[in-house]
Amino acid sequence: MVERHSIDVVPDGERHGHAVSQFTLWLGANLQITAVVTGALAVVFGGDVVWSLVGLVAGNLLGGAVMALHSAQGPKLGLPQMIQSRAQFGVRGAVVPLLLVILMYIGFFASGSVLAGQATARLTHTGDTTGIVVFAVVTAVVAAVGYRVIHAVGRIASVVCALAFVYLGFRLLDRVDLGALLGDAHFSLPMFLLAMSLSASWQLAFGPYVADYSRYLPRTTSTRATFWWTLSGSALGSQWSMTFGVLVAASAGERFLDDQVGYVVSLGGAGLAASLLYFVIALGKLTINVLNTYGGFMSMVTGISGFRGQRTLSPRGRAGYIAVIMVAGTAVALAGKDSFLSSFKDFLLFLLTFFTPWSAINLVDYYLISRERYDIPALADPHGRYGAWRADALAVYGIGIVAQFPFLATSFYTGPFVAPLGGADVSWIVGLAVPAALYWLLARRDTGHVPPETILGTEQPLASTRG
């Protein structure tokens with residue numbers, strides 16, 4: 001049950017499972033309270049129910065498709081997502097986006113711990129601080145055990161949380177006038193794009209680690225199957241949660257804003273029902289926070305190993321990296337637990353600024369330039385095929401970040417093109433399109449780093465297989 005692999009290649013003999021496992025993992029990871037709050041933000045900041053829901057659907061599908069394209073890389077390469085980024089940025093150059101990825105994991109760990117800590121505190125009759133710390137420790141233990149347990153928790157959470165959300169949905173519909181909420185539709189482009197950006201950023205943030213959870217699938221697993229099972233699980237789970245959040249925020253107003261966890265649980269009743277719902281909230285957050293912790297430790301190892309030449313990791317080293325993520329995330333959670341809602345929107349949208357260019361470059365390289373052909377041993381050799389630093393990709397990444405700033409709208413910075421667009425934030429669209437086009441134009445001129453076939457190391461080269 002305890003995972004032995006970290007950033008090294010998963011051998012074919014240890015591959016197992018089916019693509020449907022991606023559906024249960026990502027459904028369970030998205031049926032949780034932070035996704036509810038993310039959907040609620042679309043209404044809290046001025047949107048109506050109808051167009052908020054439409055915008056959230058569009059963002060979940062578009063962002064989810066990008067995320068699922070990353071997931072499809074896992075079975076083919078058997079590598080964690082960010083290790084594969086070395087082919088684009090260089091063995092050491094990959095540390096540039098990695099630093100931002102690690103900050104993202106810590107931020108999501110913290111935001112998840114705030115809400116799960118509230119549920120844990122009420123379940124154990126302790127304070128929020130104690131609840132946050134207890135939840136963080138449990139998260140770290142599950143992440144340390146690794147891949148099999150993470151998927152097992154995901155399967156359990158997908159069933160338990162789905163049943164809980166069905167129950168809560170019926171309870172909510174008994175309290176609200178759904179016809180009145182749906183009848184008050186007034187389209188606003190900025191609010192529509194806000195809703196779309198919120199859900200797209202939610203999905204895109206999974207991109208840097210989604211392949212970590214598909215890399216144990218057999219190499220013969222169909223690319224299409226991995227893509228569709230990942231997309232359907234993630235988009236369905238997140239849209240389900242976000243729809244619930246929209247309806248709660250539109251009907252409850254300040255009561256929801258004052259205590260998100262408490263209000264959601266109050267919909268289900270008191271006594272035993274409330275205790276069960278607090279447990280469900282903690283379980284849902286456990287699933288996603290374990291993914292954040294696991295992804296964070298993988299990213300830290302990937303970044304450091306690029307300079308140390310490390311290919312394997314001892315159990316003690318694994319526990320040490322996970323402890324760093326846990327401590328950092330818990331410290332941020334405790335510091336920001338009283339201002340969670342006001343800062344979470346800006347955190348989500350600001351993440352897009354840094355991860356959409358990375359996604360664009362990674363996907364263009366994998367599907368259009370390298371066409372799934374990589375020299376896997378060279379990903380650990382700064383003197384090999386991919387070099388230590390790839391200046392062209394790093395320059396495109398920087399341009400992709402800078403190109404978004406004129407279109408960015410947050411509480412601490414608003415770009416000059418936001419007002420002419422009616423206040424709409426379209427920075428993430430620019431962040432996908434500009435670096436994708438630039439990297440394709442540059443990389444297609446020099447494909448010397450692309451091997452004729454995928455090279456696995458001591459085994460025979462493997463031809464690219466697309467399903």
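1. Buried here means under 20% relative accessible area, exposed means over 50%, and partly exposed is in between (1.4 Å probe, protein chains only). At 10% relative accessibility, Arg-390 therefore counts as buried.

2. This is a predicted model, in which local features need pLDDT of at least 70 and side-chain atom pairs count only at pLDDT 80 or more, while totals for chains, interfaces and linings use all residues. Residues are numbered from 1 along each chain as its sequence is written, and side-chain values use heavy atoms, with hydrogens and water left out.

3. Side chains of opposite charge can pair when their charged atoms come close. The criterion for a salt bridge is a side-chain nitrogen of Lys or Arg within 4 Å of a carboxyl oxygen of Asp or Glu. The count by this rule is five salt bridges. One of them joins Arg-390 to Asp-392, at 3.3 Å from N to O. Asp-392 is partly exposed, because its relative accessible area is 29%.

4. Salt bridges with shared partners link Asp-12, Arg-15 and Arg-219 into one network. Asp-12 pairs with Arg-15 at 4.0 Å, N to O, and with Arg-219 at 2.8 Å, N to O. Asp-12 lies in the segment before α1 (20-30) and Arg-219 in the loop between α11 (189-204) and α12 (223-252), so this pair ties together parts that are 207 residues apart in sequence. Helices in this note are DSSP runs (H or I, at least four residues), numbered from the N terminus.

5. How accessible are the members of this network? Arg-15 is buried, with a relative accessibility of 9%. Arg-219 is also buried, with a relative accessible area of 9%. Asp-12 is partly exposed, at 37%.

6. Helix α18 (residues 391-404) and helix α19 (residues 427-443) have axes that come within 8 Å and cross at roughly 155 degrees. The axes are lines fitted to C-alpha atoms over the stretch in contact, with angles from 0 to 180 degrees between N-to-C directions. Angles over 145 degrees count as roughly antiparallel, and α18 and α19 are therefore roughly antiparallel to each other.

7. Trp-51, Val-54, Phe-187 and Leu-189 make a nonpolar surface patch of about 350 Å². Such a patch takes residues with over 30% relative accessible area and no salt bridge, with nonpolar side chains (Val, Leu, Ile, Met, Phe, Trp, Tyr) joined within 5 Å. Areas come from the Shrake-Rupley method with a 1.4 Å probe. Trp-51 is placed in helix α3 (residues 49-71) and counts as partly exposed, at 31% relative accessibility.

Terms used. Patches are made of residues with over 30% relative accessible area and no salt bridge: like charges are joined within 9 Å, nonpolar side chains (Val, Leu, Ile, Met, Phe, Trp, Tyr) within 5 Å. Helices (H or I, at least four residues) and strands (E, at least two) are DSSP runs, numbered from the N terminus. Angles under 35 degrees count as roughly parallel, over 145 as roughly antiparallel, 65 to 115 as roughly perpendicular and the rest as oblique.
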